[in-house]
Amino acid sequence: MRGTPYPTLGELLRRARATVAARPGALRLRAVGTSRAGRPLWLLSAGHGPRHILTVAGAHANEPVGGVTSLSLAERFAREPALLQESGCTWNFLLCLDPDGASLAGRWLTGLPGEGRPGEGLPGEGRAAAEASPTLRGYYRRFYRPAFAAQPEFPPVTSDPRPVMPESEALVRLIDELRPVVQFSLHGVEVGGSFLQLTRAVPGAAAAYRRIAADLGIPLEHRPFDGMGWLAESPGVLVLPDSGPTEERDPSGFTSQATWLYAMRHGTVSAVVEAPFWSVAGVSDPRPVAEPRREVAEASEILLGRAKQLEAVVGELGPRAPETPEEIAHFTAARELMDIGPGVVDTWNSAELATTVGNAVSLGVAARRIPLRAAAMMRQALGGAPALDTLVEAWARELASTFDARWVPVTDQTELQIRTMLALARALV
């Protein structure tokens with residue numbers, strides 16, 4: 001499979017159906033719900049054991065790696081049924097939790113050069129590198145990630161008047177039906193390193209995860225700041241403390257009960273596995289930083305400065321309201337990211353961040369990624385305005401060159417997630 005790009009949503013389903021048809025009885029495919037737009041949510045199951053494992057892919061629309069990871073592992077189980085028979089488990093794969101979002105975000109896949117096929121590189125990469133991998137510029141030109149409240153892995157808390165999305169309801173029903181021993185949530189990050197979040201400590205998990213990442217040459221985030229209220233068990237591994245948060249609050253102020261926290265009522269261990277698309281070696285640097293506050297201040301200045309720059313460019317374009325549902329979705333998500341800067345900076349200043357070189361690098365990436373995402377979506381919301389096109393291209397190139405971002409082959413991304421899931425399943429089952 002080396003050289004295989006991410007499948008689109010349609011390709012993922014066609015391949016799943018073909019695999020089920022080729023191995024009847026080994027795999028089963030059923031719909032477990034529908035999206036807001038009426039798209040089915042497909043569950044692919046392998047094995048017939050009484051205990052269940054659940055893998056959730058496609059929770060974030062811009063992260064297609066989980067779908068190909070899920071399908072690859074399901075195909076492995078079909079070829080080698082003894083892998084599951086020994087554990088007495090049924091392994092279930094929700095192939096895409098947000099098919100509506102994926103249908104918008106997946107447009108960048110149609111222009112994605114396969115590994116080993118011609119692509120467009122950045123200055124200084126050389127022809128061989130340019131022909132071997134996609135680019136951040138190509139990725140962001142068609143970027144889409146829904147606004148926080150429209151991400152189905154995070155249904156609103158009961159006090160929130162907003163209705164729960166049908167995708168969220170379907171996942172909660174599935175969790176209640178299966179009562180899985182372990183639930184995996186597969187994610188991808190554009191630029192950075194890999195990390196693992198666990199809702200309960202699993203003996204041996206951190207050491208196994210570090211070995212897997214090292215074998216594949218994928219850097220670990222030295223201290224991920226995605227879960228600031230979580231304990232850093234070791235580099236790249238976060239564990240929910242006993243008195244940890246029962247809710248998730250994002251920078252927009254939206255508060256939710258993450259579905260991987262919901263599963264804890266069944267004794268389920270949830271594991272969030274992040275794989276980078278473009279890796280940055282610097283995020284794993286454990287050396288201490290002399291002046292952490294200065295690092296945070298510099299990252300904050302970049303974030304707020306670029307948000308202001310983007311605001312100015314949008315203002316110069318004059319009044320133009322998004323018209324189509326797609327443009328409105330892009331505009332809503334972009335507007336939210338343009339407004340969260342002060343809240344993000346407050347969070348950075350209230351936590352002990354940038355204490356290591358690796359964490360300072362991660363902050364620098366995030367400070368650039370947030371306004372870049374906003375500019376990329378605003379560009380599409382406003383009809384591809386040339387001024388926004390120039391901004392997206394310049395910021396994408398600067399992000400890649402500043403941190404020497406290197407494309408991680410899709411096979412390595414999926415292998416990281418597959419090996420991690422198998423190691424944790426062995427430990428828990």
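**Exercise 1: Leu136 and the cores**

Leu136 touches Val191, Trp278, Ala396, Leu399, Ala400 and Ala405, leaving aside its neighbours within four places in sequence; contact means heavy atoms within 4.5 Å. This is a predicted model, in which local features need pLDDT of at least 70, side-chain atom pairs count only at pLDDT 80 or more, and totals for chains, interfaces and linings use all residues. Residues are numbered from 1 along each chain as its sequence is written, and side-chain values use heavy atoms, with hydrogens and water left out.

Task: find which residues have the most contacts inside the largest nonpolar core.

Solution. 
- Step 1: A nonpolar core is a set of buried Ala, Val, Leu, Ile, Met, Phe, Trp, Tyr and Cys residues joined through side-chain atoms within 4.5 Å. Buried means under 20% relative accessible area, exposed over 50%, partly exposed in between (1.4 Å probe, protein chains only).
- Step 2: The largest such core has 63 residues, and Leu136, Tyr140, Leu310 and Trp348 have the most contacts inside it.
- Step 3: Helix 13 (residues 357–381) gives the most to this core, with 14 residues. Helices (H or I, at least four residues) and strands (E, at least two) are DSSP runs, numbered from the N terminus.
- Step 4: A second, separate core has 46 residues, including Leu12, Leu95, Val269 and Ala423.

**Exercise 2: Aromatic rings**

Task: decide whether the pair of Tyr139 and Phe277 is stacked, tilted or edge-to-face.

Solution. 
- Step 1: Rings of Phe, Tyr and Trp (its six-membered ring) pair if their centres lie within 6.5 Å; planes under 30 degrees apart count as stacked, over 60 as edge-to-face and the rest as tilted. The structure holds 14 aromatic pairs.
- Step 2: The ring centres of Tyr139 and Phe277 are 6.2 Å apart and the planes stand at 65 degrees, so this pair is edge-to-face.
- Step 3: Tyr139 lies in helix 6 (residues 136–141) and Phe277 in strand 11 (residues 269–279), 138 residues apart, so the pair links distant parts of the chain.
- Step 4: Both Tyr139 and Phe277 are buried.
- Step 5: Tyr140 and Phe143 make a tilted pair, with 5.5 Å centre to centre and 40 degrees between the planes. Tyr140 has a relative accessible area of 0%, and Phe143 one of 1%.
- Step 6: One aromatic cluster is formed by Tyr6, Tyr139, Tyr140, Phe143, Phe277, Trp278 and Trp407.
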